[in-house]
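Subject: A structure for you to explore

Hi there,

Here is the structure I promised to pass on to you. Have a look around it first, and then read my notes below.

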Amino acid sequence: MKFLSDNLLFIYIASLILFALYDTMFIKKEPEPNTMVLHKVEEAPQQSMLSVSEKKREFGNLVIPAIDRVYAELEEQYNEISKNITNPAYKDKISQLKETYKVESDEALLMALKPHPKSIAIAQAAMESAWAESRFFKEANNLYGMWAVNKKGPRIAASEQRGKRVIWLKKYSSIEDSIRDYYKTLARSKAYKDFRELKMQTDDPYLLVEKLENYSEIGEQYSEDLTKIIRYNKLYIYDE
C-alpha cells in the first residue's frame with residue numbers, strides 16, 4: 001500500500017510539473033510583434049493585394065495624423081476650460097458645453113473634455129476599420145463602427161442584418177469628423193463613466209482599455225485585443 005501511495009504521489013507531482021510546462025509554453029504564449037490582431041467588424045475588409053506591413057503603413061499615414069489633429073483640438077479645449085472653470089467670463093461657454101456633454105457638475109465636464117491617450121484611439125481605429133480596409137471606412141469615413149440613430153442623417157447600410165433589422169452606420173464628411181464623434185461618444189455615454197473617471201487618475205492605456213469592454217459585444221476580449229495592438233505595434237509612443 002505504501003508503494004502504491006508513493007507511486008500516486010510521484011504521478012501527481014509529475015502531472016503538476018507537466019501542466020506548468022504546458023502553461024508556460026502554450027497558454028501564456030503571445031503572438032509575435034508583427035501579428036495583426038483584428039476585432040470582428042460588421043463588414044469584412046475589402047480585398048487588398050497589400051501586405052500586412054503595407055496596410056499598417058498606409059493606415060499610419062492616413063489615420064494617425066488625423067488623430068493627432070483632433071487630439072490637439074480637444075487638449076487645447078480641455079486646458080482652456082480647466083483653467084477657467086470658475087471664471088465668470090466663461091459661464092455661458094461652460095453652460096453650453098455641459099449641455100453638449102450631458103453633465104451638470106464642473107468635475108463631470110472636465111472628465112468629459114479630457115481626451116484619452118492617442119494610443120487607444122489609434123488601436124480602436126485599427127480594430128474597427130480593419131486597418132482602414134473596411135467598407136465602412138472607405139465609403140463613409142467611419143473609423144469606429146459608429147451606428148446611425150438619426151434616420152435623416154448621412155448613413156450607410158451594413159450588408160449583415162440583425163434578424164429583419166437593417167443595421168445603419170454613420171457616414172462622415174471627413175476622417176476628422178469620425179474621430180471627433182468617437183471621442184464625444186466616449187465622453188458622453190453612461191457606458192464609459194468608469195473609463196472617464198479613471199482617465200483623470202492615469203494616462204496608462206493598458207489600465208484604461210480595461211474599462212472599454214462595453215464598446216464591443218465580445219466584452220473583456222475586446223480590451224485584451226486592444227492591449228495587444230497597442231503593445232505589439234508600439235502605439236504607446238504616440239502618448240509620449
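What follows is a short tour of what was found in it.

Please keep in mind that this is a predicted model, in which local features need pLDDT of at least 70, side-chain atom pairs count only at pLDDT 80 or more, and totals for chains, interfaces and linings use all residues. Residues are numbered from 1 along each chain as its sequence is written, and side-chain values use heavy atoms, with hydrogens and water left out.

**The overall picture**

The chain has ten helices and two strands. Helices (H or I, at least four residues) and strands (E, at least two) are DSSP runs, numbered from the N terminus. Reading from that end, the order is α-α-α-α-α-α-β-β-α-α-α-α. Of the 240 residues, 42% are buried, where buried means under 20% relative accessible area, exposed over 50% and partly exposed in between (1.4 Å probe, protein chains only). If you take contacts (heavy atoms within 4.5 Å) between residues at least 6 apart in sequence, 62% of them join residues at least 24 apart.

**The hairpin**

How many bridges join strand β1 to strand β2? There are five, and the strands, residues 155–162 and residues 165–170, run antiparallel. For two strands to pair, DSSP has to find at least two bridges between them. Isoleucine 156, for example, has leucine 169 in β2 as its bridge partner. Two residues lie between the strands of this hairpin, and glycine 163 in the turn has a positive phi of about 70°.

Arginine 155 lies over the face of tryptophan 168, 3.8 Å from the ring centre. Elsewhere, lysine 118 lies over the face of tyrosine 71, at 5.2 Å from the ring centre. The rule here is that NZ of Lys or CZ of Arg is within 6 Å of the ring centre and within 35 degrees of the ring normal.

**Rings that pair up**

Rings of Phe, Tyr and Trp (its six-membered ring) pair if their centres lie within 6.5 Å; planes under 30 degrees apart count as stacked, over 60 as edge-to-face and the rest as tilted. By this rule there are five aromatic pairs. One of them joins tyrosine 182 and tyrosine 183, edge-to-face, at 5.2 Å centre to centre with 70° between the planes. Tyrosine 182 counts as buried because its relative accessibility is 0%, and tyrosine 183 is buried too, at 5%.

Tyrosine 192 and tyrosine 215 make a tilted pair, 6.2 Å centre to centre and 40° between the planes. Tyrosine 192 is in the loop between α7 (175–188) and α8 (193–199), and tyrosine 215 is in the loop between α9 (205–208) and α10 (220–232), so the pair ties together parts 23 residues apart in sequence.

**Helix α10**

The buried residues of α10 include Tyr222, Leu226, Ile229 and Ile230. Among what covers the buried residues of α10 are α5 (118–129) and α9. Threonine 227 is in this helix and is buried because its relative accessible area is 15%. Which residues does threonine 227 contact, leaving aside its neighbours within four places in sequence? They are Tyr206 and Val209. After α10 comes lysine 234, with a positive phi near 55°.

Enjoy exploring!
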